[in-house]
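Here are my notes on this model, written as numbered points. Please read them with the structure open beside you.

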Amino acid sequence: PKEEEKKAEEEEDEPKPVATLTDEEKAQRFRKQAMPDLTSWVLGTQFTKFSLPEAGEGFEEIRFSWAQAAQSEAYFKAWMLRQKILNRIEELQPGEWFKAKMPEWQRAIAEWHQKQADWKDPLKEAARKA
C-alpha cells in the first residue's frame, strides 16, 4: 500500500500536459474526421436539398456562430458547387430535351456506321473505282 501511495503522490506532482493548437489548426473551421458523417451515396442523393435557414421559414433568430451571414452564404455556395463537381448525382434523370435529341443522335450514328460499312465493303469499293 505504501508503494501505491508514493506512486499516486508522484503522479499528482507531475505537471499535466497542456494541449496547444498550431496556427493551421486554429485557422481550420471544421475538424477533419476519420469517418464522414454521411456516406457518399447519401450525400449524392440529398445534398441538393441542403440550404441555409432563412427568416421566411419561421425561425425567430438565425445566428451564425463561426462566421457572419454573408461569409456563411459564400462558403455554403462554394461548398455546394464543389459537391456538384465531386459527387455522383444518384437520382439524375434525363430531361425532355435529351429524350427528344437522343433518337436523332441514334439515327445519325446508324447512318455513319452504314457509310463506314459501305466504304469498307470490297464490292462497293470496286464499283466506286470503276
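1. Ring pairs link F50, F76 and W79 into a cluster. Two aromatic rings of Phe, Tyr or Trp (its six-membered ring) count as a pair if their centres lie within 6.5 Å; planes under 30 degrees apart are called stacked, over 60 edge-to-face, and the rest tilted. A pair of aromatic rings is described by the distance of the centres and the angle of the planes.

2. A word on the source. This is a predicted model, in which local features need pLDDT of at least 70 and side-chain atom pairs count only at pLDDT 80 or more, while totals for chains, interfaces and linings use all residues. Residues are numbered from 1 along each chain as its sequence is written, and side-chain values use heavy atoms, with hydrogens and water left out.

3. The structure holds 3 aromatic pairs. One of them joins F50 and W79: the ring centres are 6.0 Å apart and the planes stand at 15°, so this pair is stacked. F50 lies in the loop between α3 and α4 (69-86), whereas W79 is in helix α4, so the pair ties together parts that are 29 residues apart in sequence. Helices here are DSSP runs (H or I, at least four residues), as strands are (E, at least two), and they are numbered from the N terminus.

4. How exposed are these two rings' residues? F50 is partly exposed at 31% relative accessibility, and W79 is partly exposed at 23%. On this scale buried means under 20% relative accessible area, exposed means over 50%, and partly exposed is in between (1.4 Å probe, protein chains only).

5. F76 and W79 also form a stacked aromatic pair, with 6.3 Å from centre to centre and 20° between the planes. Both residues lie in helix α4, 3 residues apart, which is about one turn of the helix. F76 is partly exposed, its relative accessible area being 21%.

6. Helix α4 also contains Q83. Is Q83 buried or exposed? At 9% relative accessibility, Q83 counts as buried. Leaving aside neighbours within four places in sequence, Q83 is in contact (heavy atoms within 4.5 Å) with L43 and F47.

7. T45 is found in helix α3. T45 is buried, with a relative accessible area of 5%. A polar atom of the T45 side chain lies 2.9 Å from the backbone oxygen of V42. Not counting residues up to four places away in sequence, T45 touches E90 and E91.

8. Which residues form a nonpolar patch on the surface? They are F30, W66 and Y75, with about 290 Å² of accessible area together. Patches are made of residues with over 30% relative accessible area and no salt bridge; like charges are joined within 9 Å, and nonpolar side chains (Val, Leu, Ile, Met, Phe, Trp, Tyr) within 5 Å. Accessible areas come from the Shrake-Rupley method with a 1.4 Å probe, and for residues only the protein chains shown count as cover. F30 is found in the loop between α2 (23-27) and α3 (40-46), and F30 is partly exposed at 38% relative accessible area.

9. How many salt bridges does the structure hold? There are 2, a salt bridge being a side-chain nitrogen of Lys or Arg within 4 Å of a carboxyl oxygen of Asp or Glu. R63 forms one with E61, the closest N and O atoms being 3.7 Å apart. Both R63 and E61 are exposed.

10. E104 forms a salt bridge with K101, and here the closest N and O atoms are 4.0 Å apart. E104 and K101 are separated by about one helical turn, because they are 3 residues apart in helix α5. E104 counts as partly exposed at 41% relative accessibility, and K101 is partly exposed with 38%.

11. Two separations can be checked against the model. P94, in the loop between α4 and α5 (96-120), counts as partly exposed at 41% relative accessibility. P94 and A117 are 23 residues apart in sequence and 31 Å apart in space, C-alpha to C-alpha. A74 lies in helix α4 and is partly exposed, with a relative accessible area of 47%. From A74 to R107 there are 33 residues in sequence and 45 Å in space, again C-alpha to C-alpha.

How values were computed
A polar contact is a pair of N or O atoms within 3.5 Å; within protein, one must be able to donate a hydrogen and the other to accept it, and residues adjacent in sequence count only if both atoms are side-chain atoms.
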